[in-house]
Amino acid sequence: MSKYCVSAPFVTLCSMRFITTQGFGQSIFVVKKTMKKLFVGILALGALISSIIAKSAQAIFGFEQEYYTIMLILGITACISGMMKTPLTAIFFAVEALSCYENILHVVVVSCIAFVVTEIFGLKSISDTVL
C-alpha cells in the first residue's frame, strides 16, 4: 500500500489549481474565467463525493488502496461528463491529466453512463444554466 495514494484528492485539486492558474490565468474574457471556475468546482465536487464513496467502500468491503484511486478518477470523470454534458472532454481529461491509461474502458463506460443518465432525466448542463 502506497503512502502517496492517501492524499489523492488533495494532489488532484492542487494540480488542477496549478494547471488552471498557470495555463489560463491571463484570460481576459469573463466567460473563460467563469468556465474555469466551474470546471475547477466540478473537479472538486467530483473528488469530494468519490472520495467519500471510495473510503466508505474501502472500510465496508475492504478494497485495496489502488481501488481507491481508481474510484476517485472515475468519480471525477462522471462529474465532468454529467454536469457539463461533455463526455469526450471527461474521457480525454481522465486519460491525459489524471494518467488513467490502464483503465480507459472503465473511464469510457462511466462517462457514457453519466451522460445518458442526465439525458434521460432531461437535465441541463451547468454551463448552460450559469451562462
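This note goes through a predicted model point by point, from the overall fold to single residues.

1. Basis of the note. The model is predicted, so local features need pLDDT of at least 70 and side-chain atom pairs count only at pLDDT 80 or more, while totals for chains, interfaces and linings use all residues. Residues are numbered from 1 along each chain as its sequence is written, and side-chain values use heavy atoms, with hydrogens and water left out.

2. Overall fold. The protein chain has 6 helices and 0 strands, and its pattern along the sequence reads α-α-α-α-α-α. Helices (H or I, at least four residues) and strands (E, at least two) are DSSP runs, numbered from the N terminus.

3. The protein chain has 131 residues, of which 35% count as buried. Buried stands for under 20% relative accessible area, exposed for over 50%, and partly exposed for what lies in between (1.4 Å probe, protein chains only). Among contacts in the protein chain with a separation of 6 or more, 66% come from residues 24 or more positions apart; a contact is heavy atoms within 4.5 Å.

4. Surface. Accessible areas come from the Shrake-Rupley method with a 1.4 Å probe, and for residues only the protein chains shown count as cover.

5. Nonpolar patch. Ile-104, Leu-105, Val-109, Ile-113, Val-116, Val-117, Ile-120, Phe-121 and Leu-123 make up a nonpolar surface patch, with about 870 Å² of accessible area together. Patches are made of residues with over 30% relative accessible area and no salt bridge; like charges are joined within 9 Å, and nonpolar side chains (Val, Leu, Ile, Met, Phe, Trp, Tyr) within 5 Å. Val-117, one of the patch residues, lies in helix 5 (residues 104-120). Val-117 counts as partly exposed because its relative accessibility is 37%.

6. Aromatic pairs. The count is 3 aromatic pairs. Rings of Phe, Tyr and Trp (its six-membered ring) pair if their centres lie within 6.5 Å; planes under 30 degrees apart are stacked, over 60 edge-to-face, and the rest tilted. The pair of Phe-39 and Phe-93 is edge-to-face, because the ring centres are 5.5 Å apart and the planes stand at 90°. This pair links distant parts of the chain, with Phe-39 in helix 2 (residues 30-61) and Phe-93 in helix 4 (residues 87-96), 54 residues apart. Phe-39 and Phe-93 are both buried.

7. Phe-61 counts as exposed at 61% relative accessibility, whereas Phe-63 is partly exposed at 37%. Ring pairs join Phe-61, Phe-63 and Tyr-67 into a cluster.

8. Charge over a ring. The charged end of Lys-55 sits over the ring of Tyr-68, at 4.8 Å from the ring centre. The rule for this is NZ of Lys or CZ of Arg within 6 Å of the ring centre and within 35 degrees of the ring normal.

9. Salt bridge. A search of the whole structure gives 1 salt bridge, defined as a side-chain nitrogen of Lys or Arg within 4 Å of a carboxyl oxygen of Asp or Glu. Lys-85 and Glu-119 form this bridge through their side chains (2.7 Å, N to O). The pair links distant parts of the chain: Lys-85 is in the loop between helix 3 (65-84) and helix 4, and Glu-119 is in helix 5, 34 residues apart. Lys-85 is buried at 19% relative accessible area, while Glu-119 is partly exposed at 44%. Lys-85 also has a positive phi of about 55°, although it is not a glycine.

10. Phe-115. This residue of helix 5 is partly exposed at 25% relative accessibility. Leaving out residues up to four places away in sequence, Phe-115 touches Ser-81, Lys-85 and Pro-87. Phe-115 and Met-84 are 31 residues apart in sequence and 9.0 Å apart in space, C-alpha to C-alpha.

11. Ala-90. This residue is in helix 4 and is buried, with a relative accessible area of 0%. Not counting residues up to four places away in sequence, Ala-90 touches Thr-77, Ile-80, Ser-81 and Ser-111. Ala-90 and Cys-79 are 11 residues apart in sequence and 8.4 Å apart in space, C-alpha to C-alpha.
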